[in-house]
Amino acid sequence: MGRNPMRLPSVSGRSSFIYSITRHSFRPKSIGVLSFGYIMTENMTLELVSSSKCFEGEQRVYRHKSATLDCEMTFGVFLPPAALEENNPCPVLFFLSGLTCTHENFIQKSGFQKHAAQHNLIVVNPDTSPRGVNIAGEDDSYDFGSGAGFYVDAKLEPWAKHYKMYSYVTQELVDVVNANLPVVPGKRGIFGHSMGGHGALICALKNPGLYQSVSAFAPITNPTKSAWGEKALTGYISPNSADWAQWDATSLVSQYESTPQELFIDQGSKDNFLSNLLPENLLSAAEGNDHIQTIYKLREGYDHSYFYIATFIAEHIAYHASLLKAV
């Protein structure tokens with residue numbers, strides 16, 4: 001299901017155009033493709049919204065129509081220098097952002113591009129929720145609805161039709177990236193911040209083998225015990241807390257029995273939201289599970305902001321690069 005490496009078009013000075021390829025050009029477009037256990041549509045059309053040269057690579061923003069979310073979605077892509085050259089596919093690293101963020105926050109504030117360029121990693125970062133789907137109340141709260149998809153698949157109406165960020169991240173977006181970007185098959189990592197750290201952890205834990213590396217900045221590790229998590233899970237999944245465990249990293253770690261995984265957890269000691277993050281709960285659960293190894297770094301004096309992320313982003317990029325290039 002791989003594709004031949006191809007030169008990506010240079011678009012300097014152009015604000016928007018349609019870039020469309022099919023994964024297997026000699027097959028009819030109606031035929032599905034099996035992608036990590038799921039049948040996906042072959043024809044993937046992306047609109048390139050913007051592109052800027054950055055550390056000899058390109059920081060791009062794409063838009064596409066998501067079949068999973070039934071709306072248009074926007075995501076960032078950083079292509080390192082090697083990915084812009086013929087026959088140089090690279091590992092890919094997905095970043096999931098936190099509450100209230102769009103794709104823009106990580107691109108503009110973290111400074112990751114320099115380090116991704118040095119390690120020749122493609123970095124993909126989606127939005128945090130569907131947008132403009134006209135659900136009553138979707139914009140009423142910072143921690144539920146727009147900008148707060150929580151990387152779950154909603155079960156309750158009216159959210160169930162659109163709010164399927166878990167399936168979007170682990171299935172559709174992976175397939176779109178595989179079809180359109182020069183990625184190395186089987187070399188894929190994921191990381192995130194806060195709500196996005198929660199997303200990175202559950203995506204990895206629920207899909208052993210899909211990601212070869214995982215890390216998180218200040219993740220919501222035990223959402224069933226967190227005010228943010230309780231609100232999201234009640235509204236998206238069920239008013240019955242017994243239905244929440246599959247979306248909780250701490251619960252997943254306590255029951256995990258599959259391929260061994262290493263989780264790199266990063267936390268600032270002066271984070272104002274520690275009562276919602278609860279890293280100690282996940283670390284305690286991991287202690288009793290031989291299938292889970294943890295790296296925990298407590299950063300003295302650092303808070304929850306992008307200043308904190310920018311300070312340690314190089315270490316995370318290097319961590320993922322070491323694992324992805326060793327696969």
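These are my notebook entries on a predicted model.

**Ground rules.** Residues count from 1 along each chain as its sequence is written, and side-chain values use heavy atoms, leaving out hydrogens and water. Since I'm on a predicted model, local features need pLDDT of at least 70 and side-chain atom pairs count only at pLDDT 80 or more, while totals for chains, interfaces and linings use all residues.

**Overall.** I looked up the secondary structure and got nine helices and twelve strands (DSSP runs numbered from the N terminus: H or I with at least four residues for helices, E with at least two for strands). Of the 327 residues in the protein, 59% are buried (under 20% relative accessible area; exposed is over 50%, partly exposed in between; 1.4 Å probe, protein chains only). Next came contacts, meaning heavy atoms within 4.5 Å. Taking those between residues at least 6 apart in sequence, 72% join residues at least 24 apart.

**K161.** I found K161 in the loop between β8 (122-126) and α3 (165-180). Skipping neighbours within four places in sequence, K161 contacts T68, L69 and D70. With D70 there is a side chain to side chain polar contact at 3.5 Å (a pair of N or O atoms within 3.5 Å; within protein, one must be able to donate a hydrogen and the other to accept it, and residues adjacent in sequence count only if both atoms are side-chain atoms). I also checked V133: it is 28 residues from K161 in sequence, and the C-alpha to C-alpha distance is 9.6 Å.

**Q267.** This one is in strand β11 (residues 261-268). I call Q267 buried because its relative accessibility is 0%. Beyond four places away in sequence, Q267 touches a list of residues including A218, L274, Y296, R299 and Y308.

**Cysteines.** I searched for disulfides (cysteine sulfur pairs within 2.5 Å) and got zero. C54 has 18% relative accessibility, so it counts as buried. C203 is at 0%, so it is buried too.

**Second largest pocket.** The space in it is about 230 Å³. My pocket is an open set of points on a 1 Å grid over the protein atoms alone, where a 1.4 Å probe fits, with protein on both sides within 12 Å along at least five of seven lines; lining residues have an atom within 4 Å of a point. Points join across faces, edges and corners, and the volume is the space filled by probe spheres set on them. There are 14 lining residues, with L99, T100, C101, H193 and H304 nearest the centre. The lining splits into six nonpolar, seven polar and one charged (Ala, Val, Leu, Ile, Met, Phe, Trp, Tyr, Cys and Pro are nonpolar; Asp, Glu, Lys and Arg charged; the others, Gly among them, polar).
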